[in-house]
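Please look over the sequence and the structure shown here before reading on. The report below takes up a few places in turn and describes what surrounds each of them.

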Amino acid sequence: MQKKIYPTEVLDVTINYLDDQGRGIVNYVHAPDKGSNGKHLKIVVGKVVAGDKVRVTIPNAKGRRMAVVEYDELLEAGPSRINDDSILVNEAGGTPLQFMEYAYQLEFKQELVQRYLVEKGFDKELVQPIIGMENPYRYRNKMELTFGANGELGMHRQGNFRQIIDMEDSMLAPEEMVAVKQVVSQWQKDFALSGYNKDTKEGLLRNLMMRKSFATGELMVVIFATEKAEALKEAADDLTERLSRQFENLASLIWVLNRNIADRTQSEEEMVLFGRDYINDELHGYHYRIWHDTFFQANPVQAEKLVELALEFADVNKDMRTLDLFCGVGTFSLPFAARSKELAGIEIVESSILSARRNAEDNGLDNTFFMVSDARSGLKELKEVWGQPDLLLLDPPRSGAGGKVMRSIGRFGTEKVVYVSCNPKSLAEDLVWLREFGYELKVVQPVDQFPHTVHVETVVLMQKVKG
Ligand SMILES: C[S@@+](CC[C@H](N)C(=O)[O-])C[C@H]1O[C@@H](n2cnc3c(N)ncnc32)[C@H](O)[C@@H]1O
């Protein structure tokens with residue numbers, strides 16, 4: 001039997017709340033009709049804030065339980081809607097809170113952290129007021145753009161890797177990166193260079209990556225292409241000339257050959273067109289060399305605060321042996337090592353460990369031991385080769401550390417565990433494990449690392465209950 005299709009309805013609705021992904025939710029109830037009390041329909045709407053009144057068109061409205069739509073018209077703005085026409089809009093998505101006044105964004109994230117912790121039986125009062133940014137715009141030190149098949153250069157629309165939205169300006173990128181993008185776009189046009197077409201797998205230019213150190217001012221520009229720079233000598237020389245003339249702080253211009261069909265900024269072969277193959281950066285007083293493929297905190301202003309908080313909560317001293325689990329390139333390891341007797345770092349990505357070792361050496365730290373290992377198996381090995389830590393710090397990926405790692409941490413039994421998290425949901429789940437090992441939650445400090453997105457970082461102190 002064919003399913004009945006109901007008529008399309010145009011509804012004027014008010015957004016009840018935003019879900020964890022920053023999408024507007026309307027719990028709509030159809031008017032009752034004969035024999036029914038009124039069917040429920042969940043309407044999910046993008047680009048809104050709570051309290052917005054919007055007009056939406058829902059095909060087959062009574063025949064469905066849920067509809068994901070864009071609104072047709074904003075009828076009335078909710079109380080938190082941003083009221084400033086000069087604010088840039090990020091059309092590509094990825095920043096669903098961008099329509100909300102910043103103070104409300106902070107409130108939204110504060111509540112998110114509280115809710116996940118309360119769900120697991122922790123005290124909401126331990127959550128300190130979130131630390132926001134003084135200026136929540138243009139905070140990124142790295143942007144990765146894609147060349148489209150029709151001459152665009154920008155971000156792809158969220159959920160659609162084929163649609164590139166040309167970046168005329170950006171709420172996230174420093175102005176200088178926007179200027180680099182304009183130079184590169186003009187250069188592409190002048191030399192009639194094709195953008196890579198993901199369907200036909202043809203075309204020359206794939207990605208533009210820009211990195212800028214906020215501390216040293218050094219700028220890196222990287223072009224990913226399907227041909228070597230030698231094959232396009234005139235164009236490559238001209239780009240070098242344009243960028244080095246316009247940007248005095250250009251410290252590195254690299255051409256990367258990437259013929260791989262996978263849609264990633266991979267590297268087969270690199271050629272330095274200008275300067276060196278890395279830039280110098282600084283964080284919390286430590287020096288870092290950043291290659292084009294080096295992981296580094298993308299919002300250095302807030303990353304400083306994370307390090308500061310972790311140090312404050314740990315109250316580390318020169319008699320302590322510290323373990324930094326999921327240590328990456330050592331953003332936390334270096335300042336902790338400088339204050340500890342010894343420090344060990346564990347991380348699964350080999351290139352990050354090589355960076356961490358080099359960073360420790362560059363900063364004159366000789367009390368570190370970095371080990372490439374999966375945290376799930378590495379803790380046992382670490383105990384054998386390095387010994388027992390007195391302090392444990394962890395900064396796992398979004399999925400969290402998981403039960404196996406948290407149980408190992410519990411068995412280590414250090415007096416303090418400092419947990420830096422980028423996902424309050426997995427954080428709350430992980431903390432439950434530690435509670436079972438006699439740890440008490442002492443303080444929770446949310447930090448807004450990525451304004452306008454739904455992400456929130458949290459630094460937490462768990463302490464072992466004595467007795
Ligand atoms: C949130 S980042 C921490 C970055 C680090 N604090 C830094 O600033 O460089 C999480 C790190 O965990 C690493 N990682 C992911 N899964 C892992 C695992 N199973 N074992 C060890 N490290 C892992 C990732 O490679 C990444 O460097």
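Glutamine 297 is found in the loop that runs between strand E16 and helix H4, the latter covering residues 300-314. In this predicted model, glutamine 297 has 20 other C-beta atoms within 10 Å, and because 20 or more is the cut-off for a buried residue, glutamine 297 is counted as buried. Once its neighbours within four places in sequence are left aside, glutamine 297 is in contact with Leu283, Ala303 and Thr331.

The unreviewed UniProt entry includes glutamine 297 in the annotation "binding site", which also covers Phe326, Glu347 and Asp395. Phenylalanine 326 sits in the loop between strand E17 (321-325) and helix H5 (333-339), and its phi is near 65°, a positive value in a residue other than glycine. Phenylalanine 326 counts as buried because it has 20 C-beta neighbours inside 10 Å. Aspartate 395 lies in another of the loops, between E20 and H8, and counts as buried because it has 23 C-beta neighbours inside 10 Å.

## Confidence and domains

How confident is the predictor, on average, in the residues of the protein? The average pLDDT is 94, and 99% of the residues score at least 70. For the complex, the predictor gives an ipTM of 0.99 and a pTM of 0.93.

The contact between them takes nine residues from domain 2 and 13 residues from domain 3. On the side of domain 2 that touches domain 3, the largest share, four residues, is supplied by strand E16 (residues 286-291). Sorted by class, that side of domain 2 has four nonpolar, three polar and two charged residues.

## Cysteine 422

Which residue carries the feature "active site" in the unreviewed UniProt entry? The record places that feature at Cys422, and this cysteine is located in the loop between strand E21 (416-421) and helix H9 (424-436). Cysteine 422 counts as partly exposed because it has 19 C-beta neighbours inside 10 Å. Leaving out residues up to four places away in sequence, cysteine 422 touches Arg398, His455 and Glu457.

## One face of helix H8

Helix H8 covers residues 402-412, and its buried residues are Val405, Met406, Ser408 and Ile409. When the helix is seen down its axis, these buried residues fall within an arc of 155°, so they line one face of H8.

What do the buried residues of H8 pack against? Their partners are helix H7 (375-385), strand E20 (391-394), E21 and H9. Just after H8 comes glycine 413, which takes a positive phi of about 70°.

Methionine 371 belongs to strand E19 (residues 368-372), and it is partly exposed because 16 other C-beta atoms lie within 10 Å. With residues up to four places away in sequence not counted, methionine 371 touches Ala344, Ile346, Gly378 and Leu382.

Valine 272 belongs to strand E14 (residues 269-275), and it counts as partly exposed because it has 13 C-beta neighbours inside 10 Å. Valine 272 and tryptophan 255 are 17 residues apart in sequence, and their C-alpha atoms are 6.3 Å apart in space. Valine 272 touches Ile254 and Asp277, not counting residues up to four places away in sequence.

Arginine 138 lies in the loop between helix H1 (102-119) and strand E8 (142-147), where its phi is near 50°, a positive value in a residue other than glycine. Arginine 138 counts as partly exposed because it has 16 C-beta neighbours inside 10 Å.

How values were computed: Residues are numbered from 1 along each chain as its sequence is written. This is a predicted model: local features need pLDDT of at least 70, side-chain atom pairs count only at pLDDT 80 or more; totals for chains, interfaces and linings use all residues. pLDDT is the predictor's confidence in each residue, from 0 to 100. Two residues are in contact if their C-beta atoms, placed from the backbone, lie within 7 Å. Helices (H or I, at least four residues) and strands (E, at least two) are DSSP runs, numbered from the N terminus. Ala, Val, Leu, Ile, Met, Phe, Trp, Tyr, Cys and Pro count as nonpolar, Asp, Glu, Lys and Arg as charged, and the others, Gly among them, as polar. UniProt positions are given in the numbering used here, feature names are shortened, and annotations may be inferred rather than shown by experiment. A residue is buried if 20 or more other C-beta atoms lie within 10 Å of its own, exposed if 12 or fewer, and partly exposed in between; C-beta atoms are placed from the backbone. The arc is that of the directions from the helix axis to the C-beta atoms.
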